[in-house]
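Please look over the sequence and the structure shown here before reading on.

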Amino acid sequence: MEERNATMENYRRIEVHYSGNVQGVGFRYRARNTAQEYDLSGFVRNLDDGRVHLVAEGEKEDLISFLREIDQQMERYVRNKSVVWAKASNQFVAFDIRA
């Protein structure tokens with residue numbers, strides 16, 4: 001029981017907004033594929049203002065690695081990013097691309 005509680009404490013949520021030249025460059029597909037490699041759930045979508053909105057839930061260490069990998073893969077397209085950490089909502093079953 002103690003191990004399960006420790007795991008749940010490490011289960012977190014990130015909400016990220018990326019700006020720059022982030023639409024039309026495969027950002028959402030790369031984010032989805034990378035999230036699936038880390039067994040994360042959530043979604044990624046384009047916003048009307050040209051930004052990309054990403055929400056992911058999973059183990060804190062996996063989320064950190066996921067963000068680092070996205071940063072490395074997409075650095076030439078991203079001008080700015082904001083990241084907000086929160087408790088996981090457990091509302092997602094997979095990581096999807098949303099319209």
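## Basis of the description

This is a predicted model, in which local features need pLDDT of at least 70 and side-chain atom pairs count only at pLDDT 80 or more, while totals for chains, interfaces and linings use all residues. Residues are numbered from 1 along each chain as its sequence is written, and side-chain values use heavy atoms, with hydrogens and water left out.

## Aromatic pairs

The structure holds three aromatic pairs, where rings of Phe, Tyr and Trp (its six-membered ring) pair if their centres lie within 6.5 Å, and planes under 30 degrees apart count as stacked, over 60 as edge-to-face and the rest as tilted. One of them joins F43 and F92 edge-to-face, at 5.9 Å centre to centre and with 65 degrees between the planes. Because F43 lies in strand β2 (residues 41–46) and F92 in the loop between β4 (78–87) and β5 (95–98), this pair ties together parts that are 49 residues apart in sequence; helices (H or I, at least four residues) and strands (E, at least two) are DSSP runs, numbered from the N terminus.

F43 counts as buried at 6% relative accessibility, and F92 counts as buried at 11%, where buried means under 20% relative accessible area, exposed over 50% and partly exposed in between (1.4 Å probe, protein chains only). Another edge-to-face pair is formed by F66 and F95, with 6.3 Å centre to centre and 65 degrees between the planes. F66 lies in helix α3 (residues 60–74) and F95 in strand β5, so this pair ties together parts that are 29 residues apart in sequence. Both F66 and F95 are buried.

## A charge over a ring

R98 lies over the face of F43, at 3.9 Å from the ring centre; such a contact requires NZ of Lys or CZ of Arg within 6 Å of the ring centre and within 35 degrees of the ring normal.

## Salt bridges

The count comes to three salt bridges, each being a side-chain nitrogen of Lys or Arg within 4 Å of a carboxyl oxygen of Asp or Glu. In one of them, the side chains of R13 and E57 meet at 3.2 Å, N to O. This pair links distant parts of the chain, with R13 in strand β1 (residues 11–20) and E57 in strand β3 (residues 52–59), 44 residues apart. R13 counts as buried at 16% relative accessibility, and E57 is buried with a relative accessible area of 0%.

K81 forms a salt bridge with D71, their closest N and O atoms being 2.6 Å apart.
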